[in-house]
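Subject: The structure for you to look at

Hi,

Here is the structure I promised to pass on. Have it open while you read, and I'll walk you through what turned up.

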Amino acid sequence: MAVFVYAENINGVYKKAAFEAVSYAKAVADQAGDTVTAISVNPTDSSDLLYKYGASNVINIKDEGLKNFSAKAYAQAVSEVANGNIIVFPHTTDASSIAPMLAVMNGHSLITNVLDAPESLSPFQVKRRAFSGKGFMHAKAESAGVIITVSQNAYGVKENSVSGTEEVKNLSVANEDTKVISHEQSSGKLDLKEAEVVVSAGRGMKGPENWGMIEDLANVLGAATACSKPVSDIGWRPHTEHVGQTGKAISPNLYIAVGISGAIQHLAGVNSSKTIVVINSDAEAPFFKSADYGVVGDAFQIIPALTEKIKAIKG
């Protein structure tokens, strides 16, 4: 039972999502008594980073035509080198668009948003997130082959170093139907979907000039910053920070929401967070019903005081 994993890279650089997917694939391979083969497209990072989390074999696809992302072309490339009956993907935006196309190409079952190691391999059955993160289900694959996407920050990154080998595969996959309209470039900032702590704010901040205190709190916590949809719509913050049903869905260990009322559309993107802290001056804000901890008060007093307290604790 060969186990393959798609190790996603951004501009050639491996991110946390790739390491989490490899960690998960290693757990599946251990159950199956097999090894892990990782596949990546045009990486510049060393394969040593993948050996560290359990990939015994790394196949590096080299294809100039795949410099621009296309789910169809990438699925075709992966299909040409992955001949296993279990293929693991991270549940990132790009990987989640490759996985279903690959499933159709190979006639495999597809299970998305997986949370835990499989309950059984034959048949393949696993716990997954459902209903926009509001529930769970135990999904069972009906076909012999299965493709899964692993929910970010769910299984975790687990070191499991092995001796590995690398193979370079030169391909020329047709990619003429791809037109790049826009592309979110990776900056030096912490990736929002991979962040374990997120500090988010809404219209309660009253204006973009007040976001400095949110960024200060995020910096002291080593967190990423996020915002509600209305805030990105009116241009206070970039759309790349918008979390919610129509923005990014995230699952950090800690989500701090400041001045956000907690509409159901916002909750759909953040309710997979392990711990939610809500800070709002309105004691009737709906978000308090979903919070693990709630603070009723003025954010303009609470956030600077909280930031200073955390700085003092950290010394």
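Let's start with a question: by about how many helical turns are Asp 30 and Lys 26 separated in helix α1? They are separated by about one helical turn, because they sit 4 residues apart in that helix. Helices here are DSSP runs of H or I with at least four residues, strands are DSSP runs of E with at least two, and both are numbered from the N terminus.

Before going further, two notes on reading the model. It is a predicted model, where local features need pLDDT of at least 70 and side-chain atom pairs count only at pLDDT 80 or more, while totals for chains, interfaces and linings use all residues. Residues are numbered from 1 along each chain as its sequence is written, and side-chain values use heavy atoms, with hydrogens and water left out.

**Salt bridges**

Back to that pair: the side chains of Asp 30 and Lys 26 form a salt bridge, at 3.2 Å from N to O. (A salt bridge is a side-chain nitrogen of Lys or Arg within 4 Å of a carboxyl oxygen of Asp or Glu.) Asp 30 is partly exposed at 45% relative accessible area, whereas Lys 26 counts as buried at 13%. Buried means under 20% relative accessible area, exposed means over 50%, and partly exposed is in between, using a 1.4 Å probe and protein chains only.

By this rule, the count of salt bridges comes to 8. Another of them joins Glu 196 to Lys 16, with the closest N and O atoms 3.0 Å apart. This pair links distant parts of the chain, 180 residues apart: Lys 16 is in helix α1 (residues 16–32), and Glu 196 is in the loop between β12 (165–170) and β13 (197–201). Glu 196 counts as partly exposed, at 40% relative accessibility.

You'll find Glu 241 in the loop between α6 (229–233) and β15 (254–258), and at 5% relative accessibility it counts as buried. Its side chain also makes a polar contact with the side chain of Thr 225, at 3.0 Å. (A polar contact is a pair of N or O atoms within 3.5 Å; within protein, one must be able to donate a hydrogen and the other to accept it, and residues adjacent in sequence count only if both atoms are side-chain atoms.)

**A buried strand**

Now turn to strand β11 (residues 146–150). Why is β11 largely enclosed by the rest of the structure? Because 5 of its 5 residues are buried. Val 146, Ile 148 and Val 150 point one way from the strand, and Ile 147 and Thr 149 point the other way.

Two strands count as paired if DSSP finds at least two bridges between them. Strand β6 (residues 86–90) pairs with β11 in the parallel sense over 5 bridges, with Val 88 opposite Ile 148. Strand β7 (residues 109–114) also runs parallel to β11, joined by 4 bridges, and here Ser 109 stands opposite Val 146.

**A helix with two sides**

Last stop: helix α8 (residues 299–314). Ala 299, Ile 303, Thr 307 and Ile 310 are buried in α8. Seen down the axis, the buried residues fall within an arc of 70°, so they line one face of the helix. (The arc is that of the directions from the helix axis to the C-beta atoms.) The face turned away from the buried side carries the exposed residues Gln 301, Lys 309 and Ala 312.

At the N-terminal end, Asp 298 caps α8, with a side-chain oxygen 2.9 Å from the backbone nitrogen of Phe 300. After the helix comes Gly 315, whose phi is positive, near 80°.

Happy browsing!
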